[in-house]
Amino acid sequence: MTNDRATADDDVIAEIVKDHQEIKRLFSEVEQSNGGSKRDAFNRLLTKLAVHETAEEEVVHPAVRSAARDVVEQRLSEEDKGKKLLHELEEMGVDDPRFAAAFQTLEQEVLRHASNEERDEHPVLRSTVDQDKLRSMAKVYRAAEATAPTHPHPNSPESAIGNMVVGPVVAVIDRARDAIRRMRESDKDER
């Protein structure tokens, strides 16, 4: 039986909060893993963070910007810092002795950022955008995640327009690179 009546749980804010919960779970999974499992968990976290932030930049921030430009600018600054840390960790690799300390810094920054969004940005979004629009934004947000780059690109544009122009090309490259990496890892496992 389906319920045709949409609820607040279907809106973009609820979707973002679900992502935040998944991100917390992935941080924990990385911390509790070793070797190849840790690398796989980190790759899942890396992808989730990359697509999540891109979708927020394309869908959420533009909706809040006119009502709370300073809030959006603060979130973009945090996201930029996170992209740089995530890129450094990706380059470093989970086996690097510096990984644990850098990973802990990333986790603190990302969780602080998520808390700031929920405390500062989401109430503005809820008060300035009607519920029907918030529900339709949820679909757009998930579509943006589905087509977003899967790796952090610290020098990429921090705007919806920039992401929509550059993002699809970068996403194709990222997804091809991911497929090649998985193929190589699969070949190693077969040997």
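## Fold pattern and overall make-up

Along the sequence the chain reads α-α-α-α-α-α, with six helices and zero strands, where helices (H or I, at least four residues) and strands (E, at least two) are DSSP runs numbered from the N terminus. The model is a predicted one, in which local features need pLDDT of at least 70 and side-chain atom pairs count only at pLDDT 80 or more, while totals for chains, interfaces and linings use all residues. Residues are numbered from 1 along each chain as its sequence is written, and side-chain values use heavy atoms, with hydrogens and water left out.

Of the 191 residues of the chain, 44% count as buried, a class defined by a relative accessible area under 20%, against over 50% for exposed and the range in between for partly exposed (1.4 Å probe, protein chains only). The chain exposes about 10,500 Å², of which carbon and sulfur atoms supply 52%; the areas come from the Shrake-Rupley method with a 1.4 Å probe. Among the contacts (heavy atoms within 4.5 Å) with a separation of 6 or more, residues 24 or more positions apart account for 77%.

## Helix 1 against helix 2

Two packed helices are described by the angle between their axes and the distance between the axes. Here the axes are lines fitted to C-alpha atoms, for helices over the stretch in contact, and angles run from 0 to 180 degrees between N-to-C directions. Helix 1 (residues 12-32) packs on helix 2 (residues 35-65) at an angle of about 160°, and their axes are 9 Å apart. The pair is therefore roughly antiparallel, given that angles over 145 degrees count as roughly antiparallel, under 35 as roughly parallel, 65 to 115 as roughly perpendicular and the rest as oblique. The crossing of helix 1 and helix 2 is left-handed, meaning that the near helix is turned anticlockwise from the far one by less than a right angle, whereas clockwise would be right-handed.

Helix 1 contributes residues including Ile16, His20, Ile23, Leu26 and Phe27 to this contact, and helix 2 contributes residues including Arg44, Leu45, Lys48, Leu49 and His52. By class, the contact of helix 1 with helix 2 holds 11 nonpolar, two polar and eight charged residues, with Ala, Val, Leu, Ile, Met, Phe, Trp, Tyr, Cys and Pro counted as nonpolar, Asp, Glu, Lys and Arg as charged, and the others, Gly among them, as polar.

Leu26, in helix 1, counts as buried at 2% relative accessibility. Not counting residues up to four places away in sequence, Leu26 touches Arg44, Leu45 and Lys48; the C-alpha atoms of Leu26 and Lys48, 22 residues apart along the chain, are separated by 8.9 Å.

## Helix 1 against helix 5

The axes of helix 1 and helix 5 (residues 131-147) come within 7 Å and cross at roughly 40°, and the two helices are therefore oblique to each other. Val12, Ile13, Glu15, Ile16, Lys18 and Asp19 in helix 1 meet Leu134, Met137, Ala138, Tyr141, Arg142 and Glu145 in helix 5. This contact of helix 1 with helix 5 has seven nonpolar, no polar and five charged residues.

## Helix 3 against helix 4

Helix 3 (residues 69-92) and helix 4 (residues 99-128) pack at about 160°, with their axes 10 Å apart, so helix 3 is roughly antiparallel to helix 4. Their crossing is left-handed. On the helix 3 side the contact includes Val71, Arg75, Glu79, Lys81, Gly82 and Leu85, and on the helix 4 side it includes Ala102, Phe103, Leu106, His113 and Glu117. The residues of the contact of helix 3 with helix 4 divide into 10 nonpolar, four polar and eight charged.

Leu106 has its place in helix 4 and is buried, with a relative accessible area of 0%. Leaving aside neighbours within four places in sequence, Leu106 is in contact with Phe27, Leu49, Gly82, Leu85, Leu86 and Leu89. Leu106 and Lys81, 25 residues apart in sequence, are 9.1 Å apart in space, C-alpha to C-alpha.

Glu117 also lies in helix 4, and this residue is buried, with a relative accessible area of 0%. Not counting residues up to four places away in sequence, Glu117 touches Ile16, His20, His52, Glu53, Glu56, His61, Arg75, Glu79, His122 and Pro123. The C-alpha atoms of Glu117 and Val71, 46 residues apart along the chain, are separated by 8.6 Å.
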